[in-house]
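Please keep the model open while reading this note. Each point can be checked against the coordinates.

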Amino acid sequence: MNIKPGTEKNGQGRNYWRSLEHVQDNGDPREFISENPSELPEGFSRRGMLKLMAASVSLAGLTACRRPVETIVPYVIPPEQVLPGVPRYYATTMPLGLSAYGLIVESHEGRPIKIEGNPRHPSTLGASSAMIQAAILGLYDPDRSQSVLHDGEEKTWADFVEAWQSLEQTHLEDQGAGLALLSESFSSPTLARLKSAFLLRFPRARWVTYEPASAENVFDGLELAAGQAYQPAYRFGRANIILSLDADFLLSDTENVAHARGFAEGRSIQSGNDSMNRLYVAESAFSLTGANADHRLRIQSGRIGGLLVAVAAELERLGLDITIPGMATRDSGLPDVDPKWIQAVAGDLLANRGEGIIVAGDRQAPAVHAAVFALNKALGNVDSTITYHDLKDASISRRKELIDLVAAMEGGAVSTLIVLGGNPVYNAPIDLRFAEHLSKLNTIIRLGPYMDETAGLAHWHVPETHFLEAWGDARAVGGTASVIQPLILPLFGAHSAVEMLGVLTGGGDLPGYDHVRATWKETLGQGDFEKRWRRVLHDGLLQGSELPPVDPALRPSALSDAVMALQEPAGAGARDAAEAKGSLEIVFHRSPAVFDGRFANNGWLQELPDAITKITWDNVAVMSPKTAREQGLRNEDVARLRYRDRVVELPVWVVPGHADGTVSVTLGYGRRSAGRVGNDVGVDLYAIRTAEAPGFDNGLSLEPTGKTYPLAGTQDHGSMEGRPIVREASLEHYKEHPDFAQHAEAHFGPGEKLFKDPVNWGEGNQWGMTIDLSTCTGCNACMVACQSENNVPIVGKAQVEEGREMHWIRVDRYFTSPASEEGTESAHGSEGSLIRDPIPEEPQMVFQPLPCQHCETAPCEQVCPTAATLHDREGLNVMVYNRCIGTRYCLNNCPYKVRRFNYFNLTKHLPEVMKLAQNPDVTVRSRGVMEKCTFCLQRINAGKKKAKREGRQVRDADVQPACQQTCPVGAIRFGNINDPASLVTQNKQNERNYDLLGEINTRPRVSYLAKVRNPHPDLAGA
C-alpha cells in the first residue's frame, strides 16, 4: 500500500495527518530540510549569528556552557546545612493575577535552578505548566532592569524614597485628589492590607486595577446573576459531563494545571469496564481543550450566546425548570447547527444532574456567564462540581476604572500616576490613547521588571523583583493562603510591590519580610506565632485556610432582561448580510506562551511550538480553509487586517476545524521594549484592540498584500514516513475489542534477533516508561521541564526553520478524520488511502509525546563509528559526549527522529548571570555532539543513592524524570519494569499498551497506552 509521507492510517479506519501539505499533495513535507551544506542558513549572516549568541535568546540551553577555569576561594566557615553538590528544596508561591501556584524550588548553593509543583497546594498538586517551568529563566534574564532611574539618570532606592516623601506632602494636603495608582490584579493578604492603608491615607486618590486579559466578564456575569461577584472554582474531577463554551480550560485558563488534573481523573481508565467523562466543546478556534473533546462544534464566538439559548430550550423541553422567564423560548438563530448535537448535550447534562459542568470562556459577555450560572444552578452542579467563593484580599481588573482614569488624566484631574507592574502603554485598549495622555502628568512613577514601553515614559523607574527574590503572599482560587518565600537576594537591587507600597503608605522603608510578617501575625495570632510561621514556610501554605464555599442565590428578575441579548447579536439575517459584504469576526486570544506579553523575553516560551499550529517565534492570523480560500490566502501569505479604521499586517495560517468567517489572532507579541529576545517578535495586536470589544467583534476585513513571510513551525519535523503511530478507539469499541491496540496495521513483520542480548534484561533495575494518550492533553509542559532540567539549548527562529530545534522531547500533533469521508479514496484505489481535497472540515486531534525510546536493539548504536551511543546494563541508551564526532549516522538511522545535533556553540557568549541557571548535575555539551533524552540519568542516580543509603530497593517515588514530575495529568509513568509493584510495570501489562513501531523490532523501553474517547452514541460518527 502506498501512503503519502506523514499520512498514517490506524486499524480503526481513520487517517492521521500533520498538516495541509499532507492533505493537498503540495510536495514532500521533508523538503524543509536544507540541502545547503553551509551551517548558516541562507540570508543569515555571521553578524546575525553573533547577535544571537550574545542575546539572552541563549537563555536556557545555552545553559550548556563550560564554566571558565578560575581561582576561587573556599568557604572559610561553611554555611550551616549547606553541602556542596547537595540540593536543598524550598516551598514558595508564584503569583499570576488572581491565581497563585504553590511550588517547590530546587536550590544549589543558594541559586535556584528548577521549579516543581507543590503536592500540598490545590493549584498545582505537585505538577506545573510550561509557563511555570519557564519562570526560572525570568529570574536570570540579563535584560531585566538593573537600576533606579530618574528621567534617564541612574539613582538609588534611597533617592526615590526621599523624592516620594517630598511629593507625598503635596498629596496629603489635598487627601490624594490628584493621585492615582494603577496596579495589576492580585489576590494577596499583604497587598490588600497595604491597599486599604493607601486609600485610608489618601482618601480621594484613585486605585485602578487593570489586566489586558482577565476574568472580568465572569465576575460581572455573577454580579448580574447573583448580585455580587464571586470566584468560581471548577472541580472537573467530579464531572461526568462537561460543556465548554469558548473556554480553553486545559491551557489558556490560569488554573489550567488543576483543571487538567481533574479532567484527566475522569479519563484515566484501566479497562473497558471503567467509566469516562464526556467533553463537549463549542469554540471558534481549535484550542487544546477542543483538541481533547469527544465532540467539538466549530462556531463563531459571537454565536455562543445563541447556542446557550438553544441548549436551555432543549433542557426545558426535557423538563428542567430554568427559572429565567423567557430564556428558553428565545430563537437561538442557529439553523446551521445540527439539532442532534444540542439534544445530545442537553440530554447528557440532564441525565447527570449534579455531576456536570457548563463553563464559558473569559471573552464571552457577562450575560453569557450569568446564564451559565443559572443553568448550573438549575442542574444542581453548584456546590458539587462548581463551588463559589468570596473574593477575599483580591483586587480585580475593571476596564471601566481604566476608562475613567484616562478621562481624569485628559481632564487634568490627575497629576501623579504610580504604576505598579503591568505595561499599560503597550497593552491598554488602543482607543484610550493611554500613552498620549501620560504626557499631561507632572509625575509618573513606575515599578516594573523591565525598561519596557511604560517605563520609557516614566519619570521615576524602580526595578521590580522576581517572585523568587521577594517576600510576599497570595491566595489561590478557593482561598488557600500561602507565602511567597525568596530563594535568593535580588540580583539587580530590585524592590517588590510590597516594599513600594510600604513606602507609599507611610510605613517606612522596611524590608518586604517585615510587612508580610505583620500581615501573618494577624492571621496566625500572637500565641506560638514563630512555630506556626515556620510550618507555613515549610509546607508552602496555611493548612485549612481555604475559604468556605457560598451558595449564591439566583436573581431571575434581574437576569431576565440581560439574557435577551443572548440571541444572535443582530439576528441571523443581519449576520448573513454582514458576511455578504465581506465582514469577518475577529477573536483575540491570550497567548499560552507569552501570556499577555509579559513573558515575551523568555526564549524557552518563544521557541516552544504552539500546541495547535506548531509555530514558534511568531503570531499569526488563523482561519479555516474555506475562509482562506474565499479571501485568496494561503499559509505564510501576509494579509492586511482592517478593523475599526485601524490596520495591521499579519501572516496567515490555515487550521482545519476553525470556524468559517472568523479570524483568530494572538496577543502578547510585537513588543518594542521587551528585551533582546522579545523585541520585534511577531505583530502587536493590541494596536487594533478596543475597550468596547476586547474579546471578539464583527467588522474585520482581510486584504492580500502580495507579500509572504516565513514561519518557523515544527509540525512536519520528525515524520514517521506513513507508518501507524497513533492508536485510538471509542470506549464502546474498547469494551468490545479490549486488545484493539495490538491489531493496528503493520508494514513489517517482527524480525528475529541478529545478536545475542549483551545483558540479561530480567535482572536488576531496568528502566522503562509508559505514556497514556487518553490523559495526555498535549500541553507541552514536559518539553520545558526537560529543557530546564537538562540544560537544553534554544536555537532561534532561523534554525527552527531548518529543522534544528534541540528539544529532547517533542509532542506530535496529528489531525484525524474518518478514512471514508472528506474525499478520501478507498484502500483499493490507485493511491491507497491518500487524503485529497476537499480538506476535512471537522477533524479531531491526537497528541503523542516522543522522547528517545531507549530501544533494546537500538538502530543508532549499530552505525556509530566511535561507539558514542551505547547501552548500559539498566536498559538506557546513553551518550558518551567525548566520543561523539558528529557524523549524525545515528540521527539518520533513528526511526523515531528523536536525536538532536547541536550545530553551533551558542554558549560562547552566554551572559554571566545566565550561568546561574545551569543544572550542575547535567553534563555540559559543546558544539558538534548528538543530544537526546537520557530519562534524566542524574535523577536516576540520585534515587539509587537514596535507596542504597536506606538499605532498600528503588521505588517509583525515588525516581521521576522531569517530564513525569511536571505532567499535570499524570500521563507519564516511569520506573523499574522488573518491579511488579511499579506503576510502569502495571501499565505495560495493560491491554491498551503498545510499542511505537514495534513491528520493526527495536524493542523500545517507552510504550504507549492507546487513546480512548467517549463519544455519545447518537453522535459517534460526528
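Predicted model: local features only at pLDDT ≥ 70, side-chain atom pairs only at ≥ 80, totals over all residues.

1. The protein chain holds 30 helices and 42 strands.

2. Burial and surface. Of the 1022 residues in the protein chain, 62% count as buried. The chain exposes about 38,400 Å². Carbon and sulfur atoms supply 49% of that area.

3. Contacts along the chain. Take the contacts between residues at least 6 apart in sequence: 77% of them join residues at least 24 apart.

4. The second largest pocket. How much space lies in this pocket? The figure is about 1,600 Å³. Its lining counts 47 residues. Nearest the centre lie Arg939, Ala957, Val959, Gln960 and Gln965.

5. What builds the lining. Which element gives the largest share of the lining of the second largest pocket? Helix H28 does, with eight residues. Other elements that each supply at least two residues include strand E4 (99-108), strand E5 (111-117) and helix H8 (256-265). Helix H29 (962-966), strand E39 (972-976) and helix H30 (983-988) also each supply at least two.

6. By class, the lining of the second largest pocket has 17 nonpolar, 15 polar and 15 charged residues. Domain 3 (231-389) and domain 5 (728-749 + 762-820 + 841-1013) each give at least three residues to this lining.

7. Cys936. Please look at the backbone here. Phi of Cys936 is near 50°, a positive value in a residue other than glycine. Cys936 sits in the loop between strand E38 (930-931) and helix H28 (937-949). Is Cys936 buried or exposed? Its relative accessible area is 6%, so Cys936 is buried, the cut-off being under 20%.

8. Arg433. This residue also deserves a look. Arg433 is not a glycine, yet has a positive phi of about 50°. Arg433 lies in the loop between helix H14 (424-427) and helix H15 (434-438). Relative accessibility is 39% for Arg433, so this residue counts as partly exposed. That class runs between the buried limit of 20% and the exposed limit of 50%.

9. Ser99. Ser99 belongs to strand E4, an element that supplies at least two residues of the lining of the second largest pocket. Ser99 has a relative accessible area of 4% and is therefore buried. What does Ser99 touch, leaving out residues up to four places away in sequence? The partners are Met94, Thr254, Glu255 and Val477.

Note on methods
Residues numbered from 1 in each chain as written. Heavy atoms only, no water. Helix = DSSP H or I, 4+ residues; strand = E, 2+ residues; numbered from the N terminus. Buried < 20%, exposed > 50% of the residue type's maximum accessible area, 1.4 Å probe, protein only. 1 Å grid on protein atoms, 1.4 Å probe; cavity = no way out; pocket = protein on both sides within 12 Å on 5 of 7 lines; lining within 4 Å. Points joined across faces, edges and corners; volume = space filled by probe spheres on them. Nonpolar A, V, L, I, M, F, W, Y, C, P; charged D, E, K, R; others polar. Domains from an automatic or database assignment. Contact = heavy atoms within 4.5 Å. Areas by Shrake-Rupley, 256 points an atom, 1.4 Å probe, with all protein chains shown as cover.
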